[in-house]
Amino acid sequence: MQHVDLKEIRGGKLLGKKVTVCGWVRTSRDSKNVAFAELNDGSELNHTQIVFDKTKFDDNALAPMLALGAALRVEGSVVKGQRDGTYEIQAVNAELLGGSDSTYPLQKKRHTMEFLRTIPHLRVRTNTFNAVFRVRSELSYALHEFFHKNGYYYVHSPIITGSDCEGAGEVFKVTTVGFDPTVKSEEEYNKKDFFGCSAGLTVSGQLEGEVMATALGKIYTFGPTFRAENSNTPRHAAEFWQVEPEVAFADINDIIGIATDMIKYITKYLLEHCEPELKFFEERFEAGLIAKLQNVADSDFARIDYKDAIEVLKKSGKTFVYPIEWGLDLQTEHERYLTDEYFKKPVFVVNYPRKIKSFYMKQNPDGVTVAATDLLVPGVGEIIGCSEREADYDKLLKEIKDRGMKLSDYANYLDLRKFGTVPHSGFGLGLERMLMYVTGMSNIRDVIEFSRTKDDLK
Ligand code: 4AD
Ligand code: MG
């Protein structure tokens with residue numbers, strides 16, 4: 001269907017020209033001699049006003065074209081709008097592509113986020129979700145651009161896997177075998193299954209990313225990851241996207257530098273490419289959003305050792321629901337204190353106790369901590385999990401055994417430490433957590449169009 005995107009009308013370069021446009025009616029007004037429809041085709045946040053001269057359009061033909069949610073194709077000339085710098089279309093011909101009616105759920109009033117979550121197939125037609133998904137697309141592009149410009153290869157790690165990278169037991173099972181009362185053991189059950197062994201959806205592309213990095217040097221994976229996390233929080237989804245760079249010959253300080261550069265790059269990119277959307281989010285969802293992002297792009301992040309962070313928390317004078325001491329994982333309330341109140345900016349917490357972190361992290365000389373860091377940001381908490389990887393065969397083998405993990409699942413991974421092992425590091429950025437941070441959306445369900453969370457699959 002030949003037509004121009006509505007965003008092309010902006011700026012006035014088509015002023016006086018005859019154009020054909022398409023879109024969905026967001027609002028409409030009808031008066032005696034003239035009717036107006038605000039059309040949106042997804043090419044920009046703004047709507048474009050279509051003006052119908054009622055002497056030229058039959059009332060019966062016009063009425064369905066003013067229904068909210070209807071899809072139209074309009075031919076007309078571009079004229080100046082009422083406000084300076086705006087342009088609208090004086091309709092000459094119009095065609096109803098798809099009608100709508102009064103049962104269309106997005107009527108004029110402002111809907112709650114809770115209600116909108118019940119209509120995932122329609123909510124993207126609201127300004128809020130239209131903006132969120134345009135930013136999601138731009139953010140993804142910016143990530144690819146950052147890595148491509150810096151000499152990384154984009155690799156594809158498998159979705160179906162036999163190992164649990166994080167070792168947290170949150171793997172969704174992949175199986176074709178149904179209930180069978182004759183099966184005597186788990187082993188027998190797994191043998192009967194499609195792969196002849198137990199399989200699951202990946203929780204992280206890291207282990208395969210390490211394989212690729214120890215040949216290609218600098219790689220990143222970018223895809224969906226899955227976790228059967230039981231926690232019903234506004235920050236956890238069962239299916240979420242991670243970008244995971246893995247870098248050979250990089251130590252923990254190098255990778256912290258890379259993570260910082262990446263966050264600054266993508267933030268700057270969004271400031272440059274998504275101005276209308278960010279302004280919209282600032283007005284509706286988070287006061288001061290743009291200044292916050294400007295600050296992220298321009299200034300350094302904080303860095304604190306885990307043990308010092310514990311001291312800060314203990315001296316905070318706050319009563320936490322979960323009291324904190326060395327050796328315990330930081331809860332949301334602790335992360336929020338550090339980012340929202342103490343540092344008031346992104347902070348890398350470095351050198352966590354080994355016991356609370358994953359098996360693959362490089363053990364520090366002190367024997368009790370690992371070269372791992374989380375990047376915490378105000379309002380959201382952890383957005384990046386990062387570490388230098390254990391490159392020593394014996395140490396890694398012992399850790400796998402001590403944790404009771406199945407050695408055969410990690411034989412190939414251990415081989416990397418047998419043949420040309422090198423220091424290497426990587427991290428995972430949760431795409432949705434980053435999106436929450438840049439849009440001010442406070443629930444992860446609102447940055448994934450079809451969100452999957454515990455007991456909720458629409
Ligand atoms: O800290 P995590 O568990 O780290 C890893 O998976 C490493 N293997 C990454 C790596 O080094 N390649 O997860 C990384 C990030 C978190 O910081 C968070 O942003 C996001 O993934 N994340 C989730 N996002 C939404 N819902 C969940 N359930 C998430 N779990 C982790
Ligand atoms: Mg983590």
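## Terms and model

Helices and strands here are DSSP runs, numbered from the N terminus; a helix has at least four residues and a strand at least two. A pocket is an open set of grid points with protein on both sides, and its lining residues have an atom within 4 Å of a point. The model is predicted.

## The largest pocket

Start with the main space. The largest pocket has a volume of about 1,000 Å³. Its lining counts 43 residues. Nearest the centre of this pocket lie Glu166, Arg227, Glu229, Lys357 and Glu382.

Several elements build the lining. Strands S10, S13 (369-377), S14 and S15 each supply at least two residues, as do helices H10 (332-343) and H13 (431-439). Which element gives the most to this lining? S14 does, with five residues. By class, the lining of the largest pocket has 16 nonpolar, twelve polar and 15 charged residues.

## The ligand in its place

Ligand 1 takes up the space of the largest pocket. Around ligand 1 there are 24 residues. Those that come nearest are Glu166, Gln206, Glu229, Glu244 and Glu382. The shell splits by class into eight nonpolar, eight polar and eight charged residues. Strands S10 (239-248), S14 (381-388) and S15 (424-430) each supply at least two residues of this shell.

Now the polar contacts. In the side chain of Arg227, an N or O atom is 2.8 Å from an oxygen atom of ligand 1. Backbone atoms take part too. A polar backbone atom of Gly430 is 3.2 Å from an oxygen atom of ligand 1. For Gly385, a backbone N or O atom lies 3.3 Å from a ligand 1 oxygen atom. How much of ligand 1 does the protein cover? On its own, ligand 1 has 630 Å² of accessible area, and the protein covers 94% of that.

## The second largest pocket

Strand S1 (18-30) supplies at least two residues of the lining, and so does each of the helices H2 (113-117), H3 (127-149) and H7 (275-284). The lining of the second largest pocket divides into ten nonpolar, nine polar and seven charged residues.

## The cavity

Rolling a probe the size of a water molecule over the atoms shows where empty space is left. How many cavities of 30 Å³ or more does the structure hold? It holds one. The volume of the largest cavity is about 40 Å³.

Its lining is made of Thr161, Ser163, Cys165, Thr202, Val203, Ser204, Leu207 and Glu208. By class, the lining of the largest cavity has three nonpolar, four polar and one charged residues.

Terms used. Residues are numbered from 1 along each chain as its sequence is written. Chains are lettered from A and ligands numbered from 1 in the order in which they are written. This is a predicted model: local features need pLDDT of at least 70, side-chain atom pairs count only at pLDDT 80 or more; totals for chains, interfaces and linings use all residues. Side-chain values use heavy atoms; hydrogens and water are left out. A residue is near a molecule or strand if one of its heavy atoms lies within 4 Å of it. A polar contact is a pair of N or O atoms within 3.5 Å; within protein, one must be able to donate a hydrogen and the other to accept it, and residues adjacent in sequence count only if both atoms are side-chain atoms. Accessible areas come from the Shrake-Rupley method with a 1.4 Å probe; for residues, only the protein chains shown count as cover. On a 1 Å grid over the protein atoms alone, a cavity is a set of points where a 1.4 Å probe fits but cannot get out, and a pocket is an open set with protein on both sides within 12 Å along at least five of seven lines; lining residues have an atom within 4 Å of a point. A molecule sits in a cavity or pocket if more than half of its atoms lie within 2 Å of its grid points. Ala, Val, Leu, Ile, Met, Phe, Trp, Tyr, Cys and Pro count as nonpolar, Asp, Glu, Lys and Arg as charged, and the others, Gly among them, as polar. Grid points are joined across faces, edges and corners, and a volume is the space filled by probe spheres set on the points.
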